[in-house]
Amino acid sequence: MRFIALLVPALLFVGCATSTQKAIVISEKGKAVEWVKRVPDQACEVVGQVVGENDFGSIEVARTDARNKAGEFGATHLLVKDEVVNGKDWKIYGVAYRCP
């Protein structure tokens with residue numbers, strides 16, 4: 001009985017701690033988006049500005065969010081202009097391009 005009395009609060013604590021995390025999975029459209037370090041070829045067109053966000057301290061989740069958003073624009077490439085952290089809040093600012 002003592003074991004159960006200790007186990008239940010522990011499980012509730014773990015459940016609460018993990019339930020606040022936002023799990024962002026790369027979408028099919030996001031998988032088609034390639035990261036670039038400079039402006040792509042002149043034949044590419046800008047299809048939108050994106051801001052990838054995560055407020056739980058994960059830059060990888062913010063990057064995945066940015067790729068997913070670029071994918072929704074039909075982009076093939078994403079140029080990251082800035083990565084900003086404020087405490088646990090990450091924001092990835094980028095330009096989405098569609099290239100032939």
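Entry 1. I looked up V36 and found it opposite L79 in β3. Strands here are DSSP runs of E of at least two residues, and helices are runs of H or I of at least four, numbered from the N terminus. I noted that this is a predicted model, in which local features need pLDDT of at least 70, side-chain atom pairs count only at pLDDT 80 or more, and totals for chains, interfaces and linings use all residues. Residues are numbered from 1 along each chain as its sequence is written, and side-chain values use heavy atoms, without hydrogens and water.

Entry 2. I checked the pairing of β1 with β3 (residues 77-86), which is parallel over 3 bridges; two strands pair if DSSP finds at least two bridges between them.

Entry 3. I traced the whole sheet: it is open, has 4 strands in the order β1-β3-β4-β2, and its pairing is mixed. β1 (34-36) and β2 (45-54) each have a single partner strand, so one side of each lacks a neighbour in the sheet.

Entry 4. Which residues make up the largest nonpolar core? I listed 12, including V33, V47, A62, W90 and I92. Such a core is a set of buried Ala, Val, Leu, Ile, Met, Phe, Trp, Tyr and Cys residues joined through side-chain atoms within 4.5 Å, where buried means under 20% relative accessible area with a 1.4 Å probe, protein chains only. α3 gives the most to this core, with 4 residues. Apart from this core lies another of 6 residues, among them V36, C44, L79 and Y97.

Terms used: Buried < 20%, exposed > 50% of the residue type's maximum accessible area, 1.4 Å probe, protein only.
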